[in-house]
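Welcome! Here is a short briefing for someone meeting this structure for the first time.

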Amino acid sequence: MDRRRAIRRVTPHTEPPALSVPADARILRVAVAAPLGALLDYLSPENGHPVLPGMRVLVPLGRSRRVGMVTSLATGSALPVASLRPVLEVLDPSPILSEGDLSFLLWAAEYYRGDPGEALFGALPVRLRRPRPLLDDRPRGWRATASQKQAAAQLQRAPRQRELFALLTAHPRGLDDATLRKRAGDCSAPLRALAARDLIERCRVAATQPAAEADLPPRGAATPPALNPHQAEAAEAVAACSGFTGFLLDGVTGSGKTEVYLRLIDRALADGRQVLVLVPEIGLTPQLHQRFETRIQAPMAVLHSGLAETDRERAWRAAASGQARLLLGTRSAVFTPLPDLGLVVVDEEHDLSLKQQDGFRYSARDLAVRRAQQADCPAVLGSATPALETLQNARAGRYRHLILPKRAGDAREPEVLIADIRAQPLDTGLSHALLTRMSTEIEAGNQMLLFLNRRGFSPVLTCHDCGWISECTRCDARMTLHRGRALLVCHHCGLEQMQPVRCPYCQSPDLRPLGQGTERVEDTLRQRFPGIPMARIDRDSTRRRGELERLLAAAHRGEHRILLGTQMLAKGHHLPGITLVGILDLDHGLYGSDFRAAERMAQLLMQVAGRAGRADKPGTVMLQTRHPRHPMLELLLREGYGAFATAALAERHDANLPPFSHQAMLHADSPRQGAALEFLLQVLDLGRPMAGAEVEFWGPAPAQMERRAGRVRAQLLLQAPSRAVLQRLLARLLPALRGLKRPRELRWAIDVDPQDGY
Ligand code: ADP
Ligand code: ZN
Ligand code: ZN
């Protein structure tokens with residue numbers, strides 16, 4: 001291990017390389033923070049500050065002023081130079097994005113066909129999207145500006161100054177005032193003297209020093225377990241590679257993937273590199289966050305959407321300045337500058353939360369791999385249920401496939417039982433078999449988890465007399481009854497109405513809830529098992545800040561005997577006290593209209609099942625289904641996710657679906673019936689002649705839920721045999737599409753490599 005380490009690249013902590021800017025370049029290529037679809041050319045200011053890529057500028061745009069980001073400098077323009085306008089103001093004294101950051105962000109904008117300005121500015125803290133300066137709250141301090149040799153002669157007769165100078169020389173990035181005082185006592189006079197000799201200068205000091213010097217709060221030094229042979233082999237494989245390689249770390253829940261990440265992170269940090277760790281949702285995985293905090297002894301920044309804007313900016317700056325050595329974040333963290341990036345980890349890489357589904361739509365997982373490629377460092381994608389795309393990448397040799405076949409430590413994998421619920425009376429969705437099993441576990445003093453991916457009391461309210469059903473007026477969808485709050489809520493557009501007492505149509509008081517959500521199941525369970533402590537965990541019960549953490553912590557301590565929840569419970573928490581997992585309904589996944597439905601169902605099933613069990617109390621999973629003979633389900637339960645994935649990939653291959661083909665989806669919507677379809681028909685007419693015979697167009701067709709939030713939606717799917725063919729078509733089609741006449745109220749969007757919406 002040590003030998004390999006010796007040949008690993010050491011971070012060059014030198015100044016950035018000279019920028020590739022021609023001396024006579026006066027033309028600035030600027031990404032303007034506005035949806036313009038392209039970069040614009042401006043002239044650099046006549047006699048102002050020299051402008052470099054990565055600096056923000058204030059530019060005139062029509063009659064308004066906008067903030068822009070200089071992406072490159074050029075000597076020529078496609079437009080006559082005389083027609084170009086100079087920038088009004090240079091906003092940053094030095095670049096706030098490096099050339100590497102710029103090229104990554106522009107690449108992302110181009111690949112996902114986003115707007116370059118929106119992509120670049122979307123990656124900055126909100127305040128920097130406006131003409132405000134970058135705040136620098138790093139502590140002030142001093143750094144040496146001369147060499148030891150230069151100083152030695154001058155300081156012969158000033159031992160105090162000599163001593164201080166030597167101390168500063170040992171810290172090339174400088175020492176802040178507080179640290180200096182602690183190390184050298186009151187030293188303001190000799191420091192002033194050194195400054196007067198031009199040997200040192202005032203500076204801002206980032207706390208990149210090792211923990212002891214950066215005054216980190218003392219942390220519990222958790223001792224890591226010794227890796228088992230599979231973990232060690234995986235960690236070795238990654239550590240042995242010095243440049244970019246993609247890895248799939250494929251291991252069942254609890255197989256010790258996180259432990260492998262931690263080992264790799266330690267190593268990268270020791271080599272002076274920064275690490276990026278992406279997770280689907282931080283709020284849902286407080287355990288992971290905590291584990292990093294106790295194990296990683298280096299400054300760490302956390303970025304997620306739940307943070308206040310100032311905290312986001314602070315984290316962004318800490319990462320961008322190199323002060324934070326580890327950045328743990330959700331999907332948008334992939335855009336954060338990390339000057340010393342040396343390792344990228346994506347946990348639960350299959351998770352849909354890593355895909356941005358509106359605005360600038362991107363896959364944070366795929367971009368993370370791209371970033372690692374650009375930084376020439378390893379990317380590790382971990383999952384117990386890898387996305388079929390990722391598995392195919394591994395099988396085709398593009399990623400290395402690392403497998404952790406068993407649970408770490410001694411915990412055994414759960415056994416899965418099928419409860420066939422065809423022609424069975426159910427009590428609020430609970431079969432007799434499941435209820436009996438629950439009673440047994442309760443008597444044995446065990447803890448259990450019930451999973452139902454539907455919140456609310458019931459998905460619909462009906463009138464028993466006239467057949468009225470609670471439909472949303474703005475969507476083609478039903479409104480869910482939330483009885484606790486006495487509301488009907490549309491889960492698609494958010495519309496809320498008071499729960500009616502009488503039928504709005506025939507005035508009958510006989511209104512009945514149909515079907516069940518978690519709220520209703522909770523009611524039933526409280527009646528069936530009175531006095532048994534129980535917690536419901538879904539988006540409604542965890543609305544209050546900190547409530548989820550509180551419930552999970554209590555669950556961990558074993559306070560709740562029955563946990564009932566939605567998808568929220570499927571993610572990331574290992575609850576070792578749980579001996580029974582009941583899955584109430586996953587059948588929609590077996591026959592869903594989206595070709596990914598089966599994949600998602602399999603992932604969810606394995607993830608939920610993986611929450612349970614430990615060595616002395618192995619877990620059992622009971623799955624209720626009306627399709628116990630479904631071939632994919634049988635395969636999954638009999639042979640596991642890997643075998644399921646192989647079969648599912650074969651089906652995709654035969655049907656020529658992703659990952660064996662590549663797709664882009666054009667969405668359009670309008671309040672007016674027909675407008676979206678009309679627009680997409682025009683796009684089809686425009687695109688067909690541009691595309692080769694190998695490109696398929698599907699649609700346009702109404703969206704699965706045609707009306708949503710009052711807008712009528714349609715979509716057009718493009719499918720090509722390769723990314724290159726698809727990208728070439730999009731590069732021609734989208735600029736032309738922007739030129740199409742369309743009604744003002746019509747909106748459209750492009751989704752490259754879409755993950756849902758069929
Ligand atoms: P995963 O990320 O694959 O779900 P974790 O890394 O969280 O797995 O490990 C699951 C549990 O097993 C944790 O409690 C962890 O501390 C423990 N564990 C992991 N690796 C080992 C090991 N080599 N020896 C003993 N316990 C381990
Ligand atoms: Zn009625
Ligand atoms: Zn609605």
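A residue is called buried when its relative accessible area is under 20%, exposed when over 50%, and partly exposed in between (1.4 Å probe, protein chains only). Helices (H or I, at least four residues) and strands (E, at least two) are DSSP runs, numbered from the N terminus. This is a predicted model, in which local features need pLDDT of at least 70 and side-chain atom pairs count only at pLDDT 80 or more, while totals for chains, interfaces and linings use all residues. Residues are numbered from 1 along each chain as its sequence is written, chains are lettered from A and ligands numbered from 1 in the order in which they are written, and side-chain values use heavy atoms, leaving out hydrogens and water.

**Helix H14**

- The end C-alpha atoms of helix H14 (residues 432-443) are 17 Å apart, which agrees with the 16 Å that its 12 residues should span at 1.5 Å a residue, where the expected span is 1.5 Å times one less than the number of residues.
- Leu434, Leu435, Met438, Glu441 and Ile442 are the buried residues of H14.
- Seen down the axis of H14, these buried residues fall within an arc of 125 degrees, so they line one face of the helix; the arc is that of the directions from the helix axis to the C-beta atoms.
- After H14 comes Gly445, with a positive phi near 80 degrees.

**Leu417**

- Leu417 is found in strand E16 (residues 415-420) and is partly exposed, with a relative accessible area of 25%.
- Not counting residues up to four places away in sequence, Leu417 touches Arg437, Thr620, Val621, Met622 and Leu623.

**Aromatic rings**

- The whole structure holds eight aromatic pairs; rings of Phe, Tyr and Trp (its six-membered ring) pair if their centres lie within 6.5 Å, and planes under 30 degrees apart count as stacked, over 60 as edge-to-face and the rest as tilted.
- Phe335 and Tyr362 have ring centres 4.8 Å apart and planes at 75 degrees, so the pair is edge-to-face.
- Phe335 counts as buried at 9% relative accessibility, and Tyr362 counts as buried at 4%.
- Phe360 and Tyr362 form a tilted pair, 5.6 Å centre to centre with 40 degrees between the planes.

Terms used. Contact = heavy atoms within 4.5 Å.
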